[in-house]
Amino acid sequence: MSEFWAHSPSTASKGSGHLLHDHLQSVAERACKSFMQQPGSDLAYLAGLWHDLGKYRPGFQRYIRMAADAHIEGKLPQGSDKSHSAAGALWALEHLSKQHGAEGCVAARILQYVIAGHHAGLDNWDDGLKPRLAGADTHREFTSALDAQPPEAVLRPPIDRPAVKTLPLPFKGPEEIPGRFALWVRMLFSALVDADFLDTEAFMNPTTAQAREAETLPMCALLACFDTYMELKAETLVAAGLANTLVNRRRAEVLAACRTKAAEAPGTFTLTVPTGGGKTLAGLAFALTHAVHHGKRRVVMVIPYTSIIEQTAQVYREVFAPLGDEVVLEHHSNAESDERDETSRSRLACENWDAPVIVTTSVQLFESLFARKTSRCRKLHNLAHSVLVIDEAQLLPVQYLQPVVDVLRLLVRDHGVTVVLCTATQPMLTEQRHFGGRGLRGYQSGEVRAIIDDEAGLYKALQRVRVHLPSDLTTPQPWDATAQALQQHDAVLTIVSRRADARDLYDRLKRELPTGARGLHHLSALMCAQHRSEVIADIKAALVIRREALACGDAAEPVRVVSTQLVEAGVDLDFPVVYRALAGLDSIAQAAGRCNREGRLAMGEVHVFVPPKAPPAGLMRQAAQTCALVWDDIGDTDPLALDRVSRYFAHLYGNANTLDIGDVCDALRLTVDTQAWTLPVRFRDAAENFRLIDNEEAATVIVRYRSPRCRDNVDQLIAMLERDGPQRWLMRKLQRYGVTIYRHALQRLLACGDISELAGVPGLYVQTESDVFYDPVLGVQVGGAPGDPAAFVF
């Protein structure tokens, strides 16, 4: 065959196929460049050069001339003569072991993981990749590809001996921190698949590729823009006569501390600041200043809840507005197609985090760090040499705390990442192992530095609320009693732990209040992000109008809000009174941060009550029980004191049945087999067992939320998705219209015709023209399914 193709002709190529040699060379160069600051960039080059070696086989070349998606290996039948991802893996072992002996063999084993997995994903060794590479079909693919006589420049590039000793390989025993080698392999895998996707995009859609490759703004430009924004903010406070309030003086001190400590050497930091202390912008100040000082490439802000990510992202968009729309990338899990049903379009639409500021969720970050699939792993190499700010660090998932802490430590140790743990209630993540090895394998002494020198003093200065506890923390209070209490306050925020509870309490107040629904608001994750943003804006505006009316001695409209815990992070509400259903101590502290936030009152009032139903089973219930335990001897002391917070986390982690429910650490622990020179890791098991949200239990529905304030026409966006398939810009817009629901409710809604699966995008669902599915106040009507799979912990 005179011309070997990597991809079928596209509209842009005018009938010419993507030449295979050009593709292999380009992917090799892109992968090597992306991995240049890591040990093993030569392996990234070889992975790119050999990843599609199997495409030289005649069966593939015939097929690619007939089918546009021929390069999507998952679409091919098993054992066909069209598969292509294993030939390069076998060639790596044959060539490198002959050239470089044992060192070449070790390098080849690494390449086998990433080359053989560049479509199906990283696999287990013993019960996955090893038997696959030994199979007859794989060897036929290998022989067929070599018989086609690929160019010598592809087969035998002039590469020096692989520097295996510089790689994170535990030749002298088990890994000190399990998963060190596995994380490095994922970074290499990420560099390969991103290079593959980018070169494919450059061929299929050169206009999009050129736009993507526009020069990234330097971090110093972002810092200058941030400084200008903060100067204007300070001038506004001075003009309003608010710069010298106690709260704003302390916020200025926190900001100054962040700027000062940012000059310190990279590593792990804590930013422990009471709610309302300004840590959202102060954390960004640290990240940008630190990035400029130490040459970090980007800032990644990690938010616990999908339901409030848009609030933080909007703040940052306002900060960087003068620099354009591409500075801030908001990325979470809501609007992604099922990776099991990928197409060429969905492969190119997945995110690679190539923006200077990323705002994402804990679920998206941590599930990606333990993922095996190309779409999830593609972004990981762009985490290297970044500043990673974990907001609300107290919400790190308890059942996966061990692998999460391990991976954060490894990002700092091996990949040039600086981690900042931000929270008002700092969790205890230091070494806590007891006799027998039980407990957290945590940070060592001196491994973590505090940005705030006098945390206790800051907390005392910013104490703005009194917390009222019920006399009995074990006896539930009927909703009637709670509703009656709330009716005594014209401005009150009530936070509950169940979506169904928020709906029921809202309905009860609507019936019983003399004003009905006037001044009454509802918030939960059953509302899409666009809807929530509008309601939060309405609440903030109503609070301002109310304060102005009261200041003038006029009658003021009531402002009552019933919400789930989504308002406890990233939503700057300021109520004189807050009611919180019994929950974890950290959640109650967050709720208190929505009370007297600006210090306008001598003291705000926070009331804790025991709801009729316990929180959802699992961590939320365990957290509430632990809170009641540490408050058992409360006396006259502050329920939210820092020493009580420490006791709370010590009990929560110490009493947990496990800190690694999926045995992820064991799956990723490497012991080098020096007899066969294999590197056995169970990537597939780790990825399948690390599920912060069980995708089998939860699904995303794109709702047809229509409002005069919507920036987009959601009906047009859905029609575009159905017609043209997923594209990055389109999936980003649709994130604002996604709602996560249980799959058992999904089946009922499908049967009722309220929703349907999106044509051409398997795994994503869309609201039909049903007029009962989405309520303009309460959001999705799912028949009372309790809880919120998108916000249990994360």
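1. Basis of the model. The structure is predicted: local features need pLDDT of at least 70, side-chain atom pairs count only at pLDDT 80 or more, and totals for chains, interfaces and linings use all residues. Residues are numbered from 1 along each chain as its sequence is written, and side-chain values use heavy atoms, with hydrogens and water left out.

2. Domains. The protein chain is assigned domain 1 (5-214), domain 2 (219-333 + 342-460), domain 3 (464-637) and domain 4 (698-791); such bounds come from an automatic or database domain assignment. The centres of domain 2 and domain 4, taken over C-alpha atoms, are 30 Å apart.

3. Length of helix H10. Helices (H or I, at least four residues) and strands (E, at least two) are DSSP runs, numbered from the N terminus. Helix H10 covers residues 219-239, and its 21 residues reach 30 Å from the first C-alpha to the last, close to the expected 30 Å. The expected span is 1.5 Å times one less than the number of residues. After H10 comes glycine 241, with a positive phi near 75°.

4. Which residues of H10 are buried? They are Met219, Leu222, Leu223, Cys225, Phe226 and Met230, where buried means under 20% relative accessible area, exposed over 50% and partly exposed in between (1.4 Å probe, protein chains only). Seen down the axis of H10, these buried residues fall within an arc of 160°, so they line one face of the helix; the arc is that of the directions from the helix axis to the C-beta atoms. The face turned away from the buried side carries the exposed residues Glu235, Val238 and Ala239. Among the elements that cover the buried residues of H10 are helix H11 (246-261), helix H12 (279-294) and strand S4 (299-303).

5. Aromatic pairs. The whole structure holds 13 aromatic pairs. Rings of Phe, Tyr and Trp (its six-membered ring) pair if their centres lie within 6.5 Å; planes under 30 degrees apart count as stacked, over 60 as edge-to-face and the rest as tilted. Tyrosine 113 and tryptophan 125 form an edge-to-face pair, 6.0 Å centre to centre with 65° between the planes. Tyrosine 113 belongs to helix H4 (residues 87-116) and tryptophan 125 to helix H5 (residues 125-134). Tyrosine 113 is buried at 2% relative accessibility, as is tryptophan 125 at 5%. Ring pairs also link Phe35, Phe181 and Trp184 into a cluster.

6. Charges over rings. Lysine 379 lies over the face of tryptophan 353, at 5.4 Å from the ring centre. The charged end of arginine 409 sits over the ring of tyrosine 443, 5.9 Å from its centre. The criterion is NZ of Lys or CZ of Arg within 6 Å of the ring centre and within 35 degrees of the ring normal.

7. Most residues other than glycine have a negative phi. Glutamate 392 has a positive phi near 50°; this residue lies in the loop between strand S7 (387-390) and helix H17 (401-415) and is buried at 3% relative accessibility. Tryptophan 677 has a positive phi of about 50°. Tryptophan 677 lies in the loop between helix H25 (664-668) and helix H26 (683-689) and is partly exposed at 25% relative accessibility.

8. Valine 273. Is valine 273 buried or exposed? At 0% relative accessibility, valine 273 counts as buried. Its place is in the loop between strand S3 (268-272) and H12. Leaving aside residues up to four places away in sequence, valine 273 touches residues including Val254, Thr423 and Tyr459, contact meaning heavy atoms within 4.5 Å.
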